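Open the model in your viewer and keep the selection panel at hand. The stops below are meant to be taken in order.

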Amino acid sequence: MTEPPAALNDPRFMKALLDLVIPPSAPGDLPGAGALGLSAAVVTAIQADPALGPLVEAGTQAVQESALSQHPEGLAGMAPQAGVKVVEAQLAAHPFLIMGILRYLYPAYYQHPQVLEGIGEPPRPPFPEGFDVEATDAELLEKLRARRKV
Amino acid sequence: MSNEPVGVLVIGAGASGAAFAWSIAGAGMSVLCLDQGPWMKQRDYPSNGLDWEERGLGEFATSPNVRGLPADYPVNEQDSDISPLMFNAVGGSTILWAAHFPRLTPKDFRMKSDDGVGADWPIDYQTLEPYFALNDRMMGVSGLSGDPAYPYHEPPLPPLPLGKSGNTLAAGFEKLGWHWWPSDSAILSREYEGREACINLGPCLTGCAQGAKASTDITYWPVAQRKGVKVRSGCRVREITVREDGMADGVLYYDEEGQLQEQKAEIVVLACNGIGTPRLLLNSKSQQHPDGLANSSGLVGKNLMFHPYAMITGIFEEPLHGRRGPVGCSFWSHEFYQTDRSRGFVRGYSFEAIRGLGPAQTALQGMVQGFIPWGEDHHRAFARLYDHTATLLGITEDLPEDTNTVTLDPELKDSHGIPAPKVTYRLSENSRKMLAHAVERATEVLTAAGAVETVAEPLMRGAGWHLMGTARMGRDPKASVVNERGQAHDVKNLFIVDGSVFVTAGGVNPTSTIQAFALYVADSIKKNIETLFDDA
Ligand SMILES: Cc1cc2nc3c(=O)[nH]c(=O)nc-3n(C[C@H](O)[C@H](O)[C@H](O)COP(=O)(O)OP(=O)(O)OC[C@H]3O[C@@H](n4cnc5c(N)ncnc54)[C@H](O)[C@@H]3O)c2cc1C
């Protein structure tokens, strides 16, 4: 039997893990993070982080080993609820696992056009269009002006 | 590159260096500015791309230790309760700043006389008043005249819109009858002097792609260059050199290629901020100045002040659209600014209303605060927070203490091998009490504004935006580094114009006052040029 690849370098494992960390929303308007294909970019960023990288690597390795001991396909073959249990069981020994992933996963996830649309934001950068902002409440300004006279 | 001797050599092209250089230009002396950082380009700022939040955590992070760019120098902050933040480029920290632009108040200049703590400044608000006004015009300041917390002044442009988040929070202040006022903001509410108005991009803290936020690379510098000032970017000054009589005669610096160069000057002006300036002075030891330049008082690097910040966030049921609009410019409150000893502390603090965060920042902050879990409940928790928060920052007055210091780290060095600064800073009991008070009062006003829940960070570690006090001014050479005109007591042709000279910190953002002081120093050099070095 061949050894499985290291957890961070196993695309099927990472996709499954990211889908557990940010799963698709119940109504289906927001995709899971794994399904969006974010693993490669997130793994590159994690591996370049000298502080969090080794902690996440050790944590994912432990999750992968535990999952493989329960299912021949590991996390990728497990139902989400069972997968979550496997991850949770490793958190006491690897407290920075999720935080380390999310440090890079949140920025990647929340810049994706599909996600931006799902949360009600236009799927574009802030510049050059910018945004409209509500004017200052005229009644509040009146109160300020009155105070000024005092 | 020609290293012809110059009349005035300014080190640091940030907020203060730019204002000073612009003002001194045209006074008959050649003016050169060296900065270790590059010129920035608006098209490279993060808000041009979808990855704006990601880049704001990396190459545009506010901490030089996180960025680690070639222009940055490392800062040892292990023994500090607050992380020092800055940006190193032409424009300095104004590239990333929020542009919230309050002035110190008249009482801030006489704290010892009024409250018996700290020290009085050797100058007052009235002395700086014309320079505040001039600086407002040069930077392009938007605001509403008539704030009862200040002497009357008229910002050149109308105030920025508060937006729904600002309106909501301001209504809370009104309900409690507390002072609030639309902020003076160094952001254009209208087109001004060839610059476009703000279009509410949101991420001011990663540079303004629109050019509506006043960073000095687009305000002072183009005009200063037209007046003949030369700027050399990518040049890091290693030390200030001295003549036999102890007067400054120029600098040694590393150019863009890393070559050591010598630049001679008749007057040397330091504008490297409250950390860079003491670092350079301490790195400029000589036979004549064995403890570092201008340090006969032993006060170079002492009395570091930051403004400890508390952050209090309210969660609202209504969407507040807070991610739109300049994040740090909405309104301020001076309700708790003056000393009231019944509160258990001396001096006070201001509140600064903050708009909202982008989605990734909301998720990251929500994770840290324990509001947003991973897994199944993530989306529900995120939706409750995103676009539904508004924040108050409590900016507390930091009292000067000589145990809070910038020194040279014995081991840490920058990429040129120059000793890096070490910051030692511990929060005082007075500040701790003030922060706790700010959390309580902010919780009260957020609730009055309609927040259904609040969460507080009573001391923000990553909030060392304001760097002050490390080369303080005063009349007594034994108790200060520079005099009231920014001139070093020990070295008459050396001037300091950045926040290092602050005697006390006030409880508001400092840059309006830093720049007004820099303009005042330039003016006083121009007026007194004949007698400047008389008692040298
Ligand atoms: C994220 C952020 C937000 C902020 N928001 C606000 C705000 O809303 N309102 C406010 O009033 N203030 C704010 N500030 C603070 C404000 O930016 C500073 O007070 C102001 O820029 C200080 O001006 P300065 O000239 O002293 O220093 P800086 O603007 O920091 O400029 C110093 C310059 O000196 C250069 N330098 C240092 N050492 C050397 C050397 N050895 N050789 C060559 N060059 C050198 C640096 O590269 C830099 O460009 C903020 C700061 C940050 C970082």
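The tour goes from confidence to a helix pair and then to a loop residue.

**Colour by confidence**

This is a predicted model, with an ipTM of 0.95 and a pTM of 0.97. Colour both chains by pLDDT before selecting anything else. Chain A averages 94, and 95% of its residues score at least 70. Within chain A, pick out helix α7 (residues 138–149), which has the lowest mean pLDDT among the elements of that chain, 82. Helix α5 of chain A (residues 97–109) has the highest, 98. Where pLDDT is low, the predicted coordinates should not be read in detail. For chain B the mean pLDDT is 97, and 99% of the residues reach 70 or more.

**Select residues 15–24 of chain B**

This selection is helix α1 of chain B. Are its residues buried or exposed? The helix is mostly covered, and 10 of its 10 residues are buried. Among them are B:Gly17, B:Ala18 and B:Ala21. Now show the surroundings: the buried residues of α1(B) pack against strands β1 (6–11), β2 (31–34) and β8 (260–270) of chain B. They also pack against helices α5 (125–139), α7 (220–226) and α12 of chain B. Following the helix, stop at B:Gly26, whose phi is positive, near 85°.

Two packed helices are described by the angle between their axes and the distance between the axes. The crossing is right-handed.

Show side chains at the contact. On the α1(B) side, look for residues including B:Phe20, B:Trp22 and B:Ile24. On the α12(B) side, the residues they meet include B:Ile514, B:Leu519, B:Asp523 and B:Lys526. By class, the contact between α1(B) and α12(B) has 11 nonpolar, 4 polar and 2 charged residues.

**Finish at B:Gln369**

Where does B:Gln369 lie? Select B:Gln369 in the loop between α9 (359–368) and α10 (378–385) of chain B. B:Gln369 is partly exposed, with a relative accessible area of 26%. Leaving aside residues up to four places away in sequence, B:Gln369 touches B:Met311 and B:Val455. To place B:Gln369 in the chain, draw a C-alpha to C-alpha distance to B:Met29: the two are 55 Å apart in space and 340 residues apart in sequence.

Key. Residues are numbered from 1 along each chain as its sequence is written. Chains are lettered from A and ligands numbered from 1 in the order in which they are written. This is a predicted model: local features need pLDDT of at least 70, side-chain atom pairs count only at pLDDT 80 or more; totals for chains, interfaces and linings use all residues. Side-chain values use heavy atoms; hydrogens and water are left out. Axes are lines fitted to C-alpha atoms, for helices over the stretch in contact, and angles run from 0 to 180 degrees between N-to-C directions. Helices (H or I, at least four residues) and strands (E, at least two) are DSSP runs, numbered from the N terminus. A crossing is left-handed if the near helix is turned anticlockwise from the far one by less than a right angle, and right-handed if clockwise. Contact means heavy atoms within 4.5 Å. Ala, Val, Leu, Ile, Met, Phe, Trp, Tyr, Cys and Pro count as nonpolar, Asp, Glu, Lys and Arg as charged, and the others, Gly among them, as polar. pLDDT is the predictor's confidence in each residue, from 0 to 100. Buried means under 20% relative accessible area, exposed over 50%, partly exposed in between (1.4 Å probe, protein chains only).
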